[in-house]
Amino acid sequence: MTLSIIVATDEAGAIGLRGGLPWDHPEDRAHFERETRGHAVIMGRRTWEEVGQPLEGRANVVVSSRFTPPAGVLVAPTLAEAVARARELDPSPFVIGGARLFREATAIADQVWLTEIPGRHEADAFFVLDEGVSTREALEARGFEVVEDRLGEGGVRFVRLVRGRG
Ligand SMILES: NC(=O)c1ccc[n+]([C@@H]2O[C@H](COP(=O)([O-])OP(=O)(O)OC[C@H]3O[C@@H](n4cnc5c(N)ncnc54)[C@H](OP(=O)(O)O)[C@@H]3O)[C@@H](O)[C@H]2O)c1
């Protein structure tokens, strides 16, 4: 049983702009598609509104206190309950955003798929764990270890971190 986070951040920790992503990166979209397909995905209500419809081939769980889900979409009022609902369908769900869920999930996730987008972008949603350090460094400070680090197009890095045993 693995709980994963999948997130893309730039050098300032930006993750979102006006309800969408601050960048257009097809390779990252393909990476997201490949890694999450067949799994349950857990997302906040605003991320759900951006996605607009259930992500195909995945069980969709939305965390919200007030959302009425369409048929086939699950809703839970807390991350813990969302993880429990997701695990009824998939032992290895993914937390796919946004900011608050990423921060909360960092404390309980076993694995983080981190896409490092070079540069700084206009943004209004950020995943910043510690001021002044990169997301990778902040995760390492919390006991995560880099087990994969692949260079993609345009200087993007696809990094996988797992929680260390020690
Ligand atoms: N770069 C990336 O990897 C990535 C990934 C995902 C999203 N994004 C971007 O991030 C932005 C959206 O993120 P966001 O942080 O603004 O919103 P969000 O987390 O998607 O949604 C926020 C809402 O979700 C519910 N929620 C979130 N965490 C909760 C928790 N721990 N407990 C209970 N309820 C919780 C609440 O809904 P209620 O108010 O209904 O109770 C809250 O108002 C968009 O721009 C999106 O494109 C980027």
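A: Start with helix 4. Its buried residues are L101, F102, A105 and T106. They sit on the same side of helix 4, because they cover an arc of only 135° around the axis. Here, buried means that 20 or more other C-beta atoms lie within 10 Å of a residue's own; exposed means 12 or fewer, partly exposed lies in between, and C-beta atoms are placed from the backbone. The arc is that of the directions from the helix axis to the C-beta atoms. Helices (H or I, at least four residues) and strands (E, at least two) are DSSP runs, numbered from the N terminus.

Two notes on the source. This is a predicted model: local features need pLDDT of at least 70, side-chain atom pairs count only at pLDDT 80 or more, and totals for chains, interfaces and linings use all residues. Residue numbers start from 1 along each chain as its sequence is written.

What does the buried side of helix 4 pack against? The list is strand 1, strand 3, strand 4, helix 3 and strand 6. Contact means that the C-beta atoms of two residues, placed from the backbone, lie within 7 Å.

G98 lies between strand 6 (94-95) and helix 4. The peptide bond from G97 to G98 is cis, with omega near 0°.

Both glycines also matter for the ligand shell. Of the 29 residues around the ligand, G16, G44, T47, G97 and G98 come nearest. Strand 1 (4-9), strand 2 (14-16), strand 3 (40-44), helix 2 (45-51) and helix 4 (99-106) each give two or more residues to this shell. A residue belongs to the surroundings if its C-beta atom, placed from the backbone, lies within 6 Å of the molecule. The shell divides into 13 nonpolar, 10 polar and six charged residues. Nonpolar covers Ala, Val, Leu, Ile, Met, Phe, Trp, Tyr, Cys and Pro; charged covers Asp, Glu, Lys and Arg; the others, Gly among them, are polar.

R18 lies in the loop between strand 2 and helix 1 (26-36). R18 is not a glycine, yet has a positive phi of about 45°. With 11 other C-beta atoms within 10 Å, R18 is exposed.

T9 stands opposite E116 of strand 7. Five of the six residues of strand 7 (residues 111-116) are buried, so the rest of the structure largely encloses it. Strand 7 also pairs with strand 10, in the antiparallel sense, over six bridges. There, W113 has R160 as its bridge partner.

Strand 10 (residues 157-163) pairs with strand 9 (residues 144-151) too, antiparallel over seven bridges. V146 is bridged to L161. These two strands form a hairpin with five residues between them, and G154 in the turn has a positive phi of about 65°.

V156 lies in that loop between strand 9 and strand 10. It counts as partly exposed, with 19 C-beta neighbours inside 10 Å. Leaving aside neighbours within four places in sequence, V156 is in contact with H25, E27, D28, T115, E116, I117 and P118. Its C-alpha atom is separated by 9.7 Å from that of A8, 148 residues apart along the chain.

Finally, the whole chain. It holds five helices and 10 strands. Its radius of gyration is 15 Å, close to the 15 Å that the globule rule gives for 166 residues, so it is as compact as a globular protein of that length. That radius is taken over C-alpha atoms, and the rule is 2.2 Å times the number of residues to the power 0.38. The C-alpha trace spans about 40 × 40 × 30 Å along its principal axes. Buried residues make up 35% of the 166. Of the contacts between residues at least 6 apart in sequence, 62% join residues at least 24 apart.

Definitions and conventions: Two strands pair if DSSP finds at least two bridges between them.
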